[in-house]
Amino acid sequence: MNIEILRSICSALPHVTEDIKWGDDLCFMVGEKMFCVTALITPLKVSLKVTDDEFEELSGSAGIIPAPYVARYKWILVEDINRFTQKQWEHYITQSYNLVKAKLPKKVLDELR
């Protein structure tokens, strides 16, 4: 996994935009809401939203911690990007996208159609 593969996975999802926030964080968003964040510095670390059940399981495993500032919303920080295969990355990124998109206001969802 590298930044270009991450960008490719995120950009393949519908209505995704990118923005740089806080100086050096590349944020992938749907409807102006973040679903995946990575710092533009090395080593590559990625934050994303997971389900409630996965949060408990994943945040206690090697190479993954609760994401600073957003752990209460069930976000994890993957500190060891080799923790997941590319297929797993695709799953978790798509899932994060869908979890965030599902919480968007109806008006925003209608604009995305």
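With which residue does Glu 18 form a salt bridge, and how far apart are the closest N and O atoms? The partner is Arg 7, and the closest N and O atoms are 2.9 Å apart, where a salt bridge is a side-chain nitrogen of Lys or Arg within 4 Å of a carboxyl oxygen of Asp or Glu. This pair links distant parts of the chain, with Glu 18 in strand E1 (residues 16-21) and Arg 7 in helix H1, 11 residues apart.

Before going further, please keep in mind that this is a predicted model, in which local features need pLDDT of at least 70, side-chain atom pairs count only at pLDDT 80 or more, and totals for chains, interfaces and linings use all residues. Residues are numbered from 1 along each chain as its sequence is written, and side-chain values use heavy atoms, with hydrogens and water left out.

Helices (H or I, at least four residues) and strands (E, at least two) are DSSP runs, numbered from the N terminus. Arg 7 also meets Glu 4 in a salt bridge, at 3.8 Å from N to O, and these two are separated by about one helical turn because they are three residues apart in helix H1 (residues 3-11). For accessibility, buried means under 20% relative accessible area, exposed over 50%, and partly exposed in between, with a 1.4 Å probe and protein chains only. Arg 7 counts as partly exposed at 27%, as does Glu 4 at 49%, and Glu 18 is likewise partly exposed at 35%.

The whole structure holds four salt bridges, and one of them joins the side chains of Asp 19 and Lys 21 at 3.3 Å, N to O. Asp 19 is partly exposed at 32% relative accessibility, and Lys 21 is partly exposed at 25%.

Let me turn to the rings. There are three aromatic pairs in the structure, and in one of them the ring centres of Phe 35 and Tyr 97 lie 5.3 Å apart with planes at 85°, so the pair is edge-to-face. Rings of Phe, Tyr and Trp (its six-membered ring) pair if their centres lie within 6.5 Å, with planes under 30 degrees apart counted as stacked, over 60 as edge-to-face and the rest as tilted. Phe 35 sits in strand E3 (residues 33-39) and Tyr 97 in helix H3 (residues 86-102), 62 residues apart, so that distant parts of the chain are linked. Both of these residues, Phe 35 and Tyr 97, are buried. Elsewhere, ring pairs link Phe 84, Trp 89 and Tyr 92 into a cluster.

Finally, the backbone. Most residues other than glycine have a negative phi, and most peptide bonds are trans. Glu 32, in the loop between strand E2 (25-30) and E3, has a positive phi near 70° and is exposed at 61% relative accessible area. Tyr 69, in the loop between strand E5 (64-66) and strand E6 (75-78), has a positive phi of about 75° and counts as exposed at 76%. The peptide bond from Thr 42 to Pro 43 is cis, with omega near 0°, and Pro 43 is found in the loop between E3 and strand E4 (46-49).
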